[in-house]
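Please read it alongside the sequence and coordinates shown below.

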Amino acid sequence: MLARTPHPSPEAVSTALADAFLAAEQWNAEALARAGNHTCGSPRRWITTLAAHIVASYPRPPVDAPRELAAVVRQSKPFTRALARASRTGKPLPLKHYTLDPAVARHSPLDVPDIGNLSELARLLGITPGELEWFADPKHLNRNAAPILAHYRYVWHTRPGRVPRLLEVPAPRLRALQRVVLSQLLCPIPPHPAAHGFVPGRSAVTGAGAHTGKLVVVNLDLATFFAKVTAGRVFGVMRQAGYAEAVAHRLTGLCTHRVPARVLSQMPPGGDPADRFALRQALALPHLPQGAPTSPMLANLAVRRMDSRLAGWARRFDAGYTRYADDLAFSGGRDLARGADAFIAGVGRIVADEGHRLNHRKTRVRGASARQSVTGVVVNAHPNVRRTDIDRLKAILHNCATYGPSSQNLEGHAEFQAQLLGRIAWVAGVNPHRGAQLRAVYRRISW
């Protein structure tokens, strides 16, 4: 304890009381009242009432959430009444002693690293505490920094008839830190089983495979998926994983971003005005940047509750559910086919309740007599690639072998060979037999 006699603000008093409560010998009303009275310098009736309120609110001491506890103290009736009385009498609440370092502990059912404070987080990331503050940017000062000092660079991608997409690319050092966060701090946290995008061992093919041979397939799409995942959602993911409050706050800062106004003003034309406005609003607030290596995994974790609710809603219609990033897929039998409209309306309510919204222009309901596809994979009988896509790629490969690769690189791809190999690999991942046929044609090309 350190004795002082300042004229503190209500925030300072609530923080000091929260620290004192966490440092009390026992977690009961009597011990907390003693600690609070010592902090204020003398016994006070409202502190006794406050201590009883805190113990009733927290059966166990929230040792990893001092800021949360301080907010609860600040909003409690005993504290607000004491502030009102102090204002009427002109005597501010005294603060005689501070607790220098309340105990910090972490309890998590997950196998995540035990990081008790910011120094340990900085050490794990291989940077100094000062560098951690710079990269986490808790006060969002970097949003107004000169471009040479900015943590991100920006690339607008136009899409015919649609709202442009902003790629937010982290600077090399920040990107390296985010990769450490991803590999060591996020990967131990399991996503929902319905998530198939950006999950080791799962893919677009595994997600599509869950919908093969069904009477009806329903495809839905989430609008501005990454931008709609707020910093609050990310902080909640970190806290639920068991990271201490201060650690979760800095991790959230490392993984979220606010786009500067100058970048938003450069948005190219395209899309519905309401959609453009919604996108600008989302990008102006702290959100998951599309381009950071941590964003896909955090997006999966942030919508875990939504995935659980959608899976439960699908079961009411005897249907299955998978999600690949922002693509939602449902499939089932007669119950889903008969109630498709009501089902989609229910999905929309759940999605909106979770802070997202559906892009109704991409809503599709396909019966078994039509071509059913999920994330580009045809699922009517078994996972397959569309015949037109295979035929088109086979023609390009044949022409490359006959007339040379330059004759087919009509869009001027700098890595045309790698692009063709990627397209062949996609086909092979869905249909190995077709992939082998395409590779045989590819081997005839003279590069």
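Asp307 and Arg323 form a salt bridge, their closest N and O atoms being 2.9 Å apart. Asp307 belongs to helix α15 (residues 304–316) and Arg323 to strand β6 (residues 320–324), so this pair ties together parts that are 16 residues apart in sequence. Here a salt bridge is a side-chain nitrogen of Lys or Arg within 4 Å of a carboxyl oxygen of Asp or Glu. Helices (H or I, at least four residues) and strands (E, at least two) are DSSP runs, numbered from the N terminus.

Asp307 is buried, with a relative accessible area of 0%, and Arg323 is likewise buried, with a value of 0%. Buried means under 20% relative accessible area, exposed means over 50%, and partly exposed lies in between (1.4 Å probe, protein chains only).

## Basis of the values

The model is predicted: local features need pLDDT of at least 70, side-chain atom pairs count only at pLDDT 80 or more, and totals for chains, interfaces and linings use all residues. Residues are numbered from 1 along each chain as its sequence is written, and side-chain values use heavy atoms, with hydrogens and water left out.

## Asn300 and its surroundings

Asn300 is located in helix α14 (residues 295–302) and is buried, at 0% relative accessibility. Its side chain is joined to that of Arg323 by a polar contact of 2.9 Å. A polar contact is a pair of N or O atoms within 3.5 Å; within protein, one must be able to donate a hydrogen and the other to accept it, and residues adjacent in sequence count only if both atoms are side-chain atoms.

Leaving aside residues up to four places away in sequence, Asn300 touches Pro191, Ala195, Gly197, Phe198, Val199, Asp307 and Arg323, where contact means heavy atoms within 4.5 Å.

Over the whole structure, the search finds 12 salt bridges. One of them joins the side chains of Asp275 and Arg361, at 3.0 Å from N to O. Asp275 lies in helix α13 (residues 273–284) and Arg361 in the loop between α17 (340–353) and β8 (364–367), so the pair ties together parts 86 residues apart in sequence. Asp275 is buried at 14% relative accessibility, whereas Arg361 is exposed at 58%.

Another salt bridge is formed by Asp353 and Arg309, with 2.6 Å between the closest N and O atoms. This pair links distant parts of the chain, Asp353 being in helix α17 and Arg309 in helix α15, 44 residues apart. Asp353 is partly exposed at 49% relative accessibility, and Arg309 is partly exposed at 31%. Salt bridges with shared partners join Arg233, Arg305, Arg309, Asp353 and Glu354 into one network.

## Cysteines

The structure holds zero disulfides (pairs of cysteine sulfur atoms within 2.5 Å). Cys40 is buried at 2% relative accessibility, as is Cys400 at 1%.

## The largest pocket

The largest pocket holds about 570 Å³ of space. On a 1 Å grid over the protein atoms alone, a pocket is an open set of points where a 1.4 Å probe fits, with protein on both sides within 12 Å along at least five of seven lines; lining residues have an atom within 4 Å of a point. Grid points are joined across faces, edges and corners, and the volume is the space filled by probe spheres set on the points.

Of the 31 lining residues, Arg159, Arg165, Ala223, Thr224 and Phe225 are the closest to the centre of the pocket. Strand β4 (162–170) and helix α13 each supply at least two lining residues, and the largest share, six residues, comes from β4.
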